[in-house]
Amino acid sequence: MAIQERRARDRAERERRIISVARELAERDGWEAVTTRRLSDAIEYSQPVLYSHFPDGKAGIAAALALDGFVELGTAIRDRRGSARIPRTMISRLAEAYLDFAEAHPELYRIMFAAPTTLVFADDATPGPLRQAFDEVLASVAPAAGDHHRETYAEVVWSSLHGLATLARDGRLPADHRKARVKVLVDCLVGPS
């Protein structure tokens, strides 16, 4: 039993290393620059070892990175919301946490929404980390949703934040107007302050 446990632990550590190095390469050089050959060289394992962990190759690694990203995003939202109970404060903190995360991790954020086509949103097959991130958005907007369908309300808020994050990342929105955009969004959702 001890040998099997050690092998399982070693395998899990190798997998974490693959994901970690893939993220480092992506954040430094962009996801397009990450190849299985480059990654195997960086982690000093052969490509077959990489494929033994991720049979789908780069797509499987992207999916694993995306799930890690959703865990981090959900945690960032929950931590920023803290013990707030006022709807305006909760949504403002949600927006700040979301946009800060997207700005701090632009390549990871891109991978979370673009690369892993196997990650399904709003479905029975939605992976736990993605659902948990959505639940944090939902918890942040629920008091403001009122009689609206809360999940639909949360989807619209998430979509709005995703649009703002993506347009800002791509340089299509002036960075110095971010605070004003968040205020407009919050005003639209809970009324002017």
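Predicted model: local features only at pLDDT ≥ 70, side-chain atom pairs only at ≥ 80, totals over all residues.
The partner of Arg-131 is Glu-151, and the closest N and O atoms of their salt bridge are 2.8 Å apart. Glu-151 belongs to helix H8 (residues 150–169) and Arg-131 to helix H7 (residues 128–145), so their contact ties together parts of the chain 20 residues apart in sequence. Glu-151 also counts as partly exposed, at 30% relative accessibility.

Let's move on to Arg-16. Which residue does the side chain of Arg-16 meet in a salt bridge? Its partner there is Asp-68, at 2.6 Å from N to O. This pair links distant parts of the chain, 52 residues apart: Arg-16 sits in helix H1 (residues 2–29), while Asp-68 sits in helix H4 (residues 58–81). With 43% relative accessibility, Arg-16 is partly exposed.

Another pair to look up in your viewer is Arg-38 with Asp-29, joined by a salt bridge whose closest N and O atoms are 2.4 Å apart. Arg-38 is partly exposed, with a relative accessible area of 29%, and Asp-29 is partly exposed too, with 36%.

| Salt bridge | N to O distance |
|---|---|
| Arg-16 and Asp-68 | 2.6 Å |
| Arg-38 and Asp-29 | 2.4 Å |
| Arg-131 and Glu-151 | 2.8 Å |

Salt bridges also join up into a network, which links Arg-80, Glu-96, Asp-100, Glu-103 and Arg-178. How many salt bridges are there by this count? The count comes to 17 salt bridges.

Technical notes
Residues numbered from 1 in each chain as written. Heavy atoms only, no water. Salt bridge = Lys/Arg side-chain N within 4 Å of Asp/Glu carboxyl O. Helix = DSSP H or I, 4+ residues; strand = E, 2+ residues; numbered from the N terminus. Buried < 20%, exposed > 50% of the residue type's maximum accessible area, 1.4 Å probe, protein only.
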